[in-house]
Amino acid sequence: MADTILVTRSSMPSLDEYVEEIKTIWDTHWLTNMGPKHNEFAEKLKEYLGVDYIELLVNGHMALELTIQAMNLKGEVITTPFTFASTTHAIVRNGLTPVFCDIEPDTYTINAEQIESLITDRTCLILPVHVYGNICNIEKIEAVAKKYELKVIYDAAHTFGETYQGKGIGTYGDASCFSFHATKVFNSIEGGAVCFRDARLGDALWDLKNFGIHGPEEIAAVGANAKMNEFCAAMGICNLRHIDEEIAKRKMVALRYRERLSDTPGIKISKEQKNVTPNYAYFPIVIDENMFGASRSEVFSRLEKEGVGARKYFYPLTNTFSAFHGRYDVEKTPVALHISKRILSLPIYADLEMKDVDRICNVILECKI
């Protein structure tokens, strides 16, 4: 069998570059607690993303969970079930109630036209998710939020480096949360960030990520420990130098997939959005068994047999998790349910060779025969 192809592979600088970047850590012995690398990384990110304020955290989930907590919200949160577990768990772990809105059939993002119908006197927040690099209907979401005086936090884990209408995606909403996990288009090994407009949110996040410590003898708030360490910050600094090149390489992979699969009946590929500079973080296809002649699960199994690691992403929907004991009615999100049963994320990363992209496509197309 040919070599295994993973669904993703972490981008890394050369070993020499990373070693050079971490040398000063041996000089300072400053390993964590907002050291020089942490602060340098934050400033470089702020410039790259074009945002006013940013806080770095230990991972993307804590970025989201602590941002919700920092806003001191109570009640219901309108969100999407077509997302990673982190999004829903961040809501529930804050003692809030998720109210699930269906998704758009083409972008797989929250159906903004349905949000208003879900608002009650208990609604406190809208938490949309930018999916696979597809951007939510920001104008509609912002208009509804303004009308009902609701906060908006975007789960922007899939959209690092993207712009919408010339502005960094992190500038939208009251806050946008990013993940720098090793599997993302941009990584700091582990890490996350919150971009926001109101400096007071930064003060609350600082307290929450560092035990509420204001000085050696002053603990002014009850907080957790969610700080990014110096080694992760150093990896982020290195990877940020190469991110545009990495995205350009991913684009070539995505274009090859489109060339090979776009005209295949029964395989749906999302169109690139207008006014969006994409990052090519994922390459999902939706398989219509009746038109294609094989189901998503059959294609997944065939790829797996041939050493190709695709992913049923997102499946299952978060509103079907056994952790919630049937608390939510999945029939209220029929489009999300339909897509979740047919979606398949194909391998994509900067160093994926074209011969391997062709191999993946060949396996998929052979399922049709």
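# Reading the labels on this predicted model

Q: Where is the place of proline 316?
A: Proline 316 sits in the loop between α10 and α11. Helices are DSSP runs of H or I with at least four residues, strands are E runs with at least two, and both are numbered from the N terminus. This is a predicted model: local features need pLDDT of at least 70, side-chain atom pairs count only at pLDDT 80 or more, and totals for chains, interfaces and linings use all residues. Residues are numbered from 1 along each chain as its sequence is written, and side-chain values use heavy atoms, with hydrogens and water left out.

Q: What makes the bond between tyrosine 315 and proline 316 stand out?
A: The peptide bond is cis, with omega about 0°. Another cis bond runs from tyrosine 313 to phenylalanine 314, with omega near 20°. Phenylalanine 314 also lies in the loop between α10 and α11. Most peptide bonds are trans.

Q: Why is threonine 333 called buried?
A: Its relative accessible area is 1%. Buried means under 20%, exposed means over 50%, and partly exposed is in between (1.4 Å probe, protein chains only). So threonine 333, at 1%, is buried. It lies in the loop between α10 (296-305) and α11 (334-340).

Q: Which residues does threonine 333 touch?
A: Leaving out residues up to four places away in sequence, threonine 333 touches Pro81, Phe100, Cys101, Asp102, Leu317 and Asn319. A contact is a pair of heavy atoms within 4.5 Å.

Q: How do you know whether histidine 325 is buried or exposed?
A: Histidine 325 has 70% relative accessibility, so it counts as exposed. It is found in the loop between α10 and α11. Most residues other than glycine have a negative phi.

Q: What makes the contact between the side chains of threonine 109 and threonine 107 a polar contact?
A: The two side chains come to 2.7 Å. A polar contact is a pair of N or O atoms within 3.5 Å; within protein, one must be able to donate a hydrogen and the other to accept it, and residues adjacent in sequence count only if both atoms are side-chain atoms. The pair therefore qualifies, with 2.7 Å set against the 3.5 Å limit. Threonine 109 is buried, with a relative accessible area of 2%. It is found in the loop between β3 (97-100) and α5.

Q: Why are the buried residues of α6 said to be on the same side?
A: The buried residues of helix α6 (138-148) are Ile138, Ile141, Val144 and Ala145. They cover an arc of only 135° around the axis, which puts them on the same side of α6. The arc is taken from the directions from the helix axis to the C-beta atoms. An α-helix has 3.6 residues a turn, so residues three or four places apart point the same way. The buried residues of α6 pack against α5 (112-118), β4 (123-127), β5 (151-155) and β6 (163-164). The face turned away carries the exposed residues Lys146 and Lys147.

Q: Why is the pair glutamate 113 and lysine 140 called a salt bridge?
A: Their closest N and O atoms are 3.9 Å apart. A salt bridge is a side-chain nitrogen of Lys or Arg within 4 Å of a carboxyl oxygen of Asp or Glu. So 3.9 Å passes. Glutamate 113 is in helix α5 and lysine 140 in helix α6, so the pair ties together parts 27 residues apart in sequence. Glutamate 113 counts as exposed at 54%, and lysine 140 as partly exposed at 26%.

Q: What makes aspartate 358 and arginine 256 a salt bridge?
A: Their side chains meet at 2.8 Å, N to O, so the pair is within the 4 Å limit. Aspartate 358 lies in helix α12 (354-366) and arginine 256 in helix α8, so parts 102 residues apart in sequence are tied together. Aspartate 358 is buried at 18% relative accessibility. Arginine 256 is partly exposed at 24%.

Q: How many salt bridges does the rule give?
A: The count comes to 21. One network links Glu17, Glu21, Lys37 and Arg241.
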